[in-house]
Amino acid sequence: NGATGAGGTTGAAGTTGAAGTSAACMRCTDYAAPTESGRISAAALDQLSGIAVSHRNAGVLFVHNDRTSTTVWAVSEAGALLATYSFTGVTVRDVEDIAVGPCPSGTCVFLADIGGNLGTRPDYTIVRFPEPAVTASGATPISVAAEELVFTYPDGALHNAESLLVEPATGTTYIIDKVAAGMHSTAYRLSATFGGAPILATKVGELPVPASGDMPATAADAHPCGTGFILATGNTAY
C-alpha cells in the first residue's frame, strides 16, 4: 500500500531544505544493508500506507493510514508518536501515498487520494497542507487547512495507483499507476495549480517497469536533486 516511500526526500548530503533540493546534490555510491530504526506501536496507526521524511523537522517522518482517513501523524525515526494532524476542507476516498515537497508557503505535505480498487469514482485528488513545525503534542489532533487538486485521466477510465512523486524544484506532482503483475506502469503529470477547476492528467509515457515476473508498483519517491525517482514494487526497487 505504498508504505516504502521514506527515502526519496533525503540524499547523501542530508535532508532536503525549503527549496526542495539538498545543499550539495550527491549520489550514494552503493546500497547499505537495511536496519530497523524503530517500530510504530500507537494503536491508531493500524493501516499505514505511506511515509515521507519531513523537510522542516529533523528526524521526523509523516505517515498516514489507508483509505478514507483525514489524519496524518508525525513520528520519530524510532517510531514514537509525536503529533497528530487532522486536515480539513477536503474529503478523501482512498489515500495511498504521501510526500513532502515545495509549495507557495514553503514546503507542504502532499497526500494522494488515488486508489482505484474500491470501485468506480468520478475523479481523483491530491491534497496538500503547509508542513507544520512538529511539537510533541501526541494524540491530540491539530487541525490544518488543506487544499486540493482534482483530476481525471485522459482516457476517462478508472485507474488504480499507489505512487506519488513531487518534483523537488517546482512542486509538480506525478502519479504512477498500479497495473496487473508483470505489466508496465504509466506515469502521469499534474498541474501544480491547487484550488482550481478539475484538470486532466497528462500522460508522460509508459515505463519499462515493472518487468515480467514483478509484482505491481506500490510506491515511488523523487530524487531530491530532481534527477529521477525510485519506483518500488512488491519485490523490486527500480
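Select Lys178 to begin: you'll find it in the loop that links strand E13 (173–177) to strand E14 (186–190). Strands here are DSSP runs of at least two residues, numbered from the N terminus, while helices (H or I) need at least four. A word on the ground rules: this is a predicted model, where local features need pLDDT of at least 70 and side-chain atom pairs count only at pLDDT 80 or more, while totals for chains, interfaces and linings use all residues. Numbering runs from 1 along each chain as its sequence is written, and side-chain values use heavy atoms, with hydrogens and water left out.

The cut-offs are under 20% relative accessible area for buried and over 50% for exposed, with partly exposed in between (1.4 Å probe, protein chains only).

Now show what surrounds Lys178. Skipping neighbours within four places in sequence, its contacts (heavy atoms within 4.5 Å) are Asn160, Ala161, Glu162, Pro216, Ala217 and Thr218. Then try Glu162, whose side chain makes a polar contact with the Lys178 side chain at 3.0 Å. That term means a pair of N or O atoms within 3.5 Å; within protein, one must be able to donate a hydrogen and the other to accept it, and residues adjacent in sequence count only if both atoms are side-chain atoms.

Next, colour the sheet. It is an open one of four strands, in the order E12-E13-E14-E16, with antiparallel pairing. Strand E12 (161–166) and strand E16 (202–206) are the edges, each with a single partner strand, so one side of each has no neighbour in the sheet. Pairing requires at least two DSSP bridges between the strands; E12 and E13 have five, in the antiparallel sense. Pick Leu164 to see one of its bridges: the partner in E13 is Ile175.

Finally, zoom out. How many helices and strands does the protein have? Zero helices and 18 strands. Of its 238 residues, 47% count as buried. Select Phe62, Phe87, Leu111 and Phe129, which touch the most other members of the largest nonpolar core, a group of 20 residues. Such a core is a set of buried Ala, Val, Leu, Ile, Met, Phe, Trp, Tyr and Cys residues joined through side-chain atoms within 4.5 Å. Apart from that core lies another, of 19 residues, including Ala161, one of the contacts of Lys178.
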